[in-house]
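Welcome, and please have your viewer ready. We will go from stop to stop, selecting one part at a time.

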Amino acid sequence: MPPKEVDKIEQMGTELYEKTKVPVFVAAVGDLNNTRPVDLLNKIKKEYPTYILLYFSVKPTAVNIFASEDAKKLIDIDQILSPLPWRGTIRPVMSPAFSKSDSVKQEVAIFNGYADIVDQVAESKDIKLTSSIGSESRSTFQIVRTIFYAILAFIILQFILKRKKNATK
C-alpha cells in the first residue's frame with residue numbers, strides 16, 4: 001500500500017481508539033496457507049477485550065472480519081463484506097470488472113473496508129472523527145460503481161436479446 005494510505009489508516013485507527021477505546025486492526029497476508037489468523041487473534045484478545053480485525057489474504061484472495069462480541073454490535077459485518085456493489089465496501093472492489101491490477105483492487109478494498117469499519121464504530125458510539133474519509137467519498141464511489149454495473153447489465157442484456165433475435169431467424 002502507498003505510504004499515504006497507510007498513514008491515513010493509522011490516523012483513523014488512532015483517533016477512533018483514543019475516542020472509543022475500540023481498536024481496529026488490519027492484517028494483510030501474502031499467503032493464507034502459511035498463516036493462521038487464530039494466532040494473531042489470540043495476541044489481540046490478550047491485550048484488548050474489545051477489538052475488530054480486518055483480515056485480508058492475497059493468495060488465495062480472501063477477506064474476513066473478526067470481532068469481539070461487543071464489537072460486533074457496533075458494525076454491520078454482512079454489509080461491509082457484501083458482494084453486492086450497492087451495499088458492500090470490500091468484495092465489490094475485488095471483482096474482475098473493477099480493475100485489471102490485483103494490487104490496486106487489494107489496496108482499495110483494504111482502505112475502503114477499514115474506513116467503513118472505523119466510520120461505523122464512530123457512528124455507533126455517536127462520535128465524530130476528524131480523520132474520517134467520510135461518507136461523501138463512499139457515496140460517490142457507490143454511485144459510480146452502481147452506474148458501472150447498470151451499464152454492464154444493459155450491455156449483457158442487449159447481447160442476450162440480440163442472440164435470441166438471431167437464433168429465431
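## Stop one: a helix pair

Select helices α1 and α5 and look at how they cross: α1 passes α5 in a left-handed crossing, a term used when the near helix is turned anticlockwise from the far one by less than a right angle, with clockwise giving right-handed. This is a predicted model, in which local features need pLDDT of at least 70 and side-chain atom pairs count only at pLDDT 80 or more, while totals for chains, interfaces and linings use all residues. Residues are numbered from 1 along each chain as its sequence is written, and side-chain values use heavy atoms, leaving out hydrogens and water.

To find the pair, pick residues 3–20 for α1 and residues 102–124 for α5; their axes come within 10 Å and cross at roughly 15°. Axes here are lines fitted to C-alpha atoms, for helices over the stretch in contact, with angles from 0 to 180 degrees between N-to-C directions. Helices (H or I, at least four residues) and strands (E, at least two) are DSSP runs numbered from the N terminus. The two helices are therefore roughly parallel to each other, the label for angles under 35 degrees.

Now show side chains. On α1, select E5, K8, I9, M12, G13, L16 and T20; they meet E107, I110, F111, Y114, A115, V118, V121 and A122 of α5. Contact means heavy atoms within 4.5 Å. This set divides into ten nonpolar, two polar and three charged residues; Ala, Val, Leu, Ile, Met, Phe, Trp, Tyr, Cys and Pro count as nonpolar, Asp, Glu, Lys and Arg as charged, and the others, Gly among them, as polar.

Stay on α5 and click N112. Is N112 buried or exposed? At 18% relative accessibility, N112 counts as buried, meaning under 20% relative accessible area, with exposed over 50% and partly exposed in between (1.4 Å probe, protein chains only).

Switch to the strands. Three of them form an open sheet in the order β1-β2-β3, with mixed pairing. β1 (24–31) and β3 are at the edges with a single partner strand each, so one side of each has no neighbour in the sheet.

Select β1 with β2: they pair in the parallel sense over seven bridges, where pairing takes at least two DSSP bridges. Look for V26, whose bridge partner in β2 is L54.

Next, take β2 (residues 52–59) with β3; they run antiparallel and are joined by six bridges. A hairpin links them through two residues.

Which face of β3 (residues 62–67) is covered? V63, I65 and A67 form the covered face, and A62, N64 and F66 the uncovered one.

## Last stop: both together

Finally, show α5 with the sheet: α5 lies across β1, β2 and β3, running at about 170° to β2. Six of the eight residues of β2 are buried, so β2 is largely enclosed by the rest of the structure.

Conventions
Angles under 35 degrees count as roughly parallel, over 145 as roughly antiparallel, 65 to 115 as roughly perpendicular and the rest as oblique.
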